[in-house]
Amino acid sequence: MQTNTQSEFISPDDLRAMFSQQMSDMYKAEVLQYSTLLSIVEDVNENTLSQNDELHAALSRTNDLDRLTQEYHGAIRLGTAQELATMRRMFRILGMLPVDYYDLSVAGVPVHATAFRPVSNESLAKNPFRIFTSLLRLELIDNLELRATAERILSGRNIFTSNAIELLELAEQQGGLSAVAGSEFVSELIETFRWHSEATVDAETFDRLQDAHRLVADVVCFRGPHINHLTPRTLDIDQAQAEMPKRGVQAKQLIEGPPRRNFPILLRQTSFKALEERIRFVGADCDGAHTARFGEIEQRGAALTPKGMALYDELLSEARRAIGAEAVSYESNLKAVFKKFPDSLEDMRIQELAYFKYSAGPEYQPEHAQLFPLEDLLSKGLILADPIIYEDFLPVSAAGIFQSNLGGTVVV
Ligand code: OOG
Ligand code: NI
């Protein structure tokens with residue numbers, strides 16, 4: 001365990017590693033299929049690496065090899081701005097800061113979101129875990145009386161344990177936590193994300209909120225923001241997708257994001273369908289069912305420059321427009337449209353579509369510096385250019401993940 005010798009505080013990176021491990025253990029115990037998903041990803045990654053030495057070398061150069069087996073992200077949905085404000089303070093102790101803004105109301109999902117994640121290369125390399133955090137937008141419920149009911153229920157709940165709040169305040173006052181207090185803080189915070197099968201409302205209220213949007217019921221009717229999925233990183237998402245049904249896991253039909261390529265870009269994601277779980281309502285002998293929790297996998301590729309991102313957005317819209325016009329399969333159409341996105345590292349680099357990290361190759365000597373320009377050094381293999389991995393999310397994909405797990409009812 002690393003501590004900061006000057007202050008004797010445990011580092012936020014270590015706290016985050018503990019947090020993601022405990023979250024994973026809790027989710028494996030709660031959602032049995034998730035363990036199957038993890039073993040699929042492990043097998044596929046092992047298989048992919050054993051067949052591709054170049055990929056193995058590149059991942060080890062960019063520090064990705066060690067973090068492959070760790071969960072990459074999870075997701076929660078909060079009910080009030082106050083909950084979000086306190087969550088921001090909690091995540092800061094774990095070295096997770098809000099990055100980016102995602103407005104999902106444009107896709108009919110009544111939330112907006114950010115992702116709390118490590119930002120420095122060093123922290124990302126130590127533990128990449130991040131949480132996609134959505135905030136419910138009750139103002140998008142048209143029925144004013146129902147909106148007031150939801151507001152009243154949410155204002156009466158407290159999603160953090162009192163110990164978590166105390167330790168948070170201590171951490172903020174001292175500028176950190178000792179190893180002992182830190183590990184207590186993590187265990188207390190984990191409680192916030194635990195699943196509770198007892199709803200906090202009666203069956204009738206649940207149904208009315210569920211009718212407004214399934215997501216509203218999921219957020220409002222429970223004691224806290226249960227973690228709704230965790231996502232490990234796979235090196236071959238198509239292989240993992242094909243493997244899922246073979247092991248009894250019901251996969252979502254489409255992989256979100258760009259098509260399969262030789263050199264992956266951005267983010268491709270797929271999930272298994274949310275499980276139907278028994279829940280208990282307030283009131284005598286009243287049981288019901290709720291579907292919210294699922295498992296997801298993702299394959300990450302190169303981060304794109306604004307120019308590359310504009311091309312991605314343009315091609316994705318083109319591909320989505322074509323659907324519906326004819327009965328072409330989504331995947332083959334996507335692949336055809338994305339032919340316009342160069343699929344070689346050199347083209348992506350020279351056309352400034354993706355970001356790269358440069359490093360000296362094994363044969364590089366100081367005198368080679370005279371051989372500049374860079375292109376000459378690159379072509380001789382003295383300097384190596386590796387794509388920088390995309391660390392954020394994609395709004396259209398996120399909306400697709402939400403919808404496939406909550407049904408497509410639109411409230412806005
Ligand atoms: C979040 C869905 C978004 C992703 O990977 O894009 C997401 C949710 O369902 O709460 O996790
Ligand atoms: Ni996700």
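Visitor: In which sense do strand S5 and strand S6 pair, and over how many bridges?

Guide: Strands of a sheet pair through backbone hydrogen bonds, either parallel or antiparallel. Here, in what is a predicted model, strand S5 (residues 111-117) and strand S6 (residues 130-136) are paired in the antiparallel sense, over six bridges. To find the place, look for phenylalanine 116, which stands opposite isoleucine 131 in S6.

Visitor: What is the order of the strands in the open sheet of five strands?

Guide: The order is S4-S5-S6-S3-S8, and the pairing is mixed. Strand S4 (97-103) and strand S8 (229-232) are the edge strands, each pairing on one side only. From one strand to the next, the twist averages 20 degrees.

Visitor: Which strands of this sheet does helix H1 touch?

Guide: Helix H1 (residues 12-30) packs on the sheet and touches strand S3 (71-78), S6 and S8. The direction of H1 makes about 115 degrees with that of S8. Another helix to look for is H16 (residues 395-406), which lies across S3, S4, S5 and S6 and runs at about 70 degrees to S6.

Visitor: How do I read the open sheet of three strands, and what is its order?

Guide: The order is S7-S10-S11, with mixed pairing. Strand S7 (198-202) and strand S11 (287-291) each have a single partner strand, so one side of each has no neighbour in the sheet. On average, neighbouring strands of this sheet are turned by 50 degrees against each other, direction ignored.

Visitor: In which sense do S7 and strand S10 pair?

Guide: S7 and strand S10 (residues 276-282) pair in the parallel sense, over two bridges. In one of these places, glutamate 198 has arginine 280 in S10 as its bridge partner. Helix H9 (residues 203-212) lies across S7, S10 and S11, at about 90 degrees to S7.

Visitor: Now the helices. At what angle do the axes of H1 and helix H2 cross?

Guide: Two packed helices are described by the angle between their axes and the distance between the axes. The axes of H1 and helix H2 (residues 32-51) cross at roughly 120 degrees and come within 5 Å. The two helices are therefore oblique to each other.

Visitor: Which residues of H1 and H2 meet?

Guide: On the H1 side they are Ser24, Tyr27, Lys28, Ala29 and Glu30; on the H2 side, Leu32, Tyr34, Ser35 and Leu38. By type, the residues of this contact are five nonpolar, two polar and two charged.

Visitor: Which residues of helix H8 are buried?

Guide: In H8 (residues 179-191), the buried residues are Ala181, Gly182, Phe185, Val186, Glu188, Leu189 and Ile190. Their cover includes strand S2 (9-10), H1, helix H4 (81-93) and helix H7 (162-174). H8 has 13 residues and reaches 19 Å from its first C-alpha to its last, close to the 18 Å expected at 1.5 Å a residue.

Visitor: How many residues of strand S9 are buried?

Guide: Six of the six residues of S9 (residues 267-272) are buried, and the strand is mostly covered. Leu267, Gln269 and Ser271 point one way, while Arg268, Thr270 and Phe272 point the other way. S9 runs antiparallel to strand S12 (residues 295-300), and six bridges join them. Glutamine 269 stands opposite glutamate 298 in S12.

Note on methods. Residues are numbered from 1 along each chain as its sequence is written. Chains are lettered from A and ligands numbered from 1 in the order in which they are written. This is a predicted model: local features need pLDDT of at least 70, side-chain atom pairs count only at pLDDT 80 or more; totals for chains, interfaces and linings use all residues. Side-chain values use heavy atoms; hydrogens and water are left out. Two strands pair if DSSP finds at least two bridges between them. Helices (H or I, at least four residues) and strands (E, at least two) are DSSP runs, numbered from the N terminus. Axes are lines fitted to C-alpha atoms, for helices over the stretch in contact, and angles run from 0 to 180 degrees between N-to-C directions. Contact means heavy atoms within 4.5 Å. The expected span of a helix is 1.5 Å times one less than its number of residues. Buried means under 20% relative accessible area, exposed over 50%, partly exposed in between (1.4 Å probe, protein chains only). Angles under 35 degrees count as roughly parallel, over 145 as roughly antiparallel, 65 to 115 as roughly perpendicular and the rest as oblique. Ala, Val, Leu, Ile, Met, Phe, Trp, Tyr, Cys and Pro count as nonpolar, Asp, Glu, Lys and Arg as charged, and the others, Gly among them, as polar.
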